[in-house]
Amino acid sequence: MDNNDKRIAVLIDADNVSPKYIKAVLDEIANHGIPTYKRIYGDWTRPQMSTWKEVSLEYSISPIQQYSHTTGKNSTDSALIIDAMDILYSQNVDGFCIVSSDSDFTRLAARLREAGMLVLGMGEKKTPRPFVVACEKFKYLEALLSGSAGDGDAAADTETSVKGGDDLRDLIVSIQTIVTDISDEEGWASLGGVGNMLNKRFPDFDTRNYGFSKLTNLVKSLNAFDIESRKIGNTPHASQTFIRNRQLPKKKPTSRGGRGRSRYAAKDTGEQDTD
């Protein structure tokens, strides 16, 4: 089955997601499949939930009422989990999209994946790591909302970047490791293959997290890789991008007096040969 034909159940935790993200969420889901179930969970008697009314009508999302029976207890989470399992056993979907920044859905995501389901998670950058890695793919809402920075972006859009600093250094090391693993004898690896491996190893990898719309531009900005574009056959304008770990220039050995001496050479002890 083509990925775009996958039937996906979209389950939204209204207690932990703002209505401003909904269009970006549904647009992203369309890249992975067809949303067949669209449900949003919350206590709709609360005044702060009124902002969801117009959005749910516009995007045909079914609101599921769940009263907050006890203060400090999140009944919404329980209702969403029960519905997810009911949908799973109905065998009417190929995957789930759980929209929440709550770690309470970590075990649910793991259980759905055990059943062979595609599990797409979406949440804000504050989402706990256990929920992120429990999903097959995870998208940060801030990055989705910002949209692409443009096909020709040459520098990161720092205002929309979800990650930076230490994350960039970790990304460089990860890419270098992947290139080493899948490269040819000359050290070149297909950028497409590198991207596939990044997605498999890191569920939350997305070039938009770093302010870029394309992987090529992101890799160029890291200044740690050689990049080469190769034509594919005789097809005009068809090319494939390859990258290689950039080698640091070798330092010339320095000499200290005379003809030079290796720093590993034995030191003169001053002792005379007795033979």
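When I say buried, I mean under 20% relative accessible area; exposed is over 50%, and partly exposed is in between, with a 1.4 Å probe and protein chains only. Hold on to that, we'll need it a lot.

Okay, so what are we looking at? This is a predicted model, so local features need pLDDT of at least 70 and side-chain atom pairs count only at pLDDT 80 or more, while totals for chains, interfaces and linings use all residues. Residues are numbered from 1 along each chain as its sequence is written, and side-chain values use heavy atoms, with hydrogens and water left out.

The overall picture, then. The protein chain has nine helices and nine strands; these are DSSP runs numbered from the N terminus, H or I with at least four residues for helices, E with at least two for strands. Of its 275 residues, 40% count as buried. Contact, for me, is heavy atoms within 4.5 Å. Take the contacts between residues at least 6 apart in sequence, and 62% of them join residues at least 24 apart.

Let's go to salt bridges. The cut-off is a side-chain nitrogen of Lys or Arg within 4 Å of a carboxyl oxygen of Asp or Glu. How many salt bridges does the structure hold? There are 14. I'll show you a few.

Start with Arg107 and Glu114, whose side chains meet in a salt bridge at 3.4 Å, N to O. Both ends are out in the open by our cut-off: Arg107 is exposed, and Glu114 is exposed too.

Now compare Asp204 and Arg129, a salt bridge at 2.8 Å, N to O. Asp204 sits in the loop between α8 (191-201) and α9 (215-222), and Arg129 is in helix α5 (residues 129-134), so this pair ties together parts that are 75 residues apart in sequence. Buried or exposed, what is Asp204? Asp204 is buried, with a relative accessible area of 2%, whereas Arg129 is partly exposed at 43%.

Next comes Asp206, which makes a salt bridge with Arg208, with 2.7 Å between the closest N and O atoms. Asp206 is buried as well, at 8% relative accessibility. And there's a network here: salt bridges link Glu28, Lys139, Asp206 and Arg208. Lys139 is on strand β6, and with 9% relative accessibility Lys139 counts as buried.

On a 1 Å grid over the protein atoms alone, a pocket is an open set of points where a 1.4 Å probe fits, with protein on both sides within 12 Å along at least five of seven lines, and lining residues have an atom within 4 Å of a point. The largest pocket has a volume of about 440 Å³, a volume being the space filled by probe spheres set on the points, which are joined across faces, edges and corners. Its lining has 18 residues, and Asn199, Asp206, Thr207, Ser213 and Leu215 lie nearest the centre. Which elements give two or more residues to that lining? They are β6 (137-140), α8 and α9, with α8 giving the largest share, five residues. By type, the lining splits into three nonpolar, nine polar and six charged. Nonpolar is Ala, Val, Leu, Ile, Met, Phe, Trp, Tyr, Cys and Pro; charged is Asp, Glu, Lys and Arg; the others, Gly among them, are polar.

On to helix α7, residues 166-182. The buried residues of α7 are Leu171, Ile172, Ser174, Ile175, Ile178 and Val179, and they pack against β7 (189-190), α8, α9, β8 and β9 (239-245).

Ser60 isn't a glycine, yet it has a positive phi of about 50 degrees. Ser60 is in the loop between α2 (51-58) and β3 (62-65) and counts as exposed at 52% relative accessibility. Asn223, again not a glycine, has a positive phi of about 55 degrees. You'll find Asn223 in the loop between α9 and β8 (225-231), exposed at 59%.
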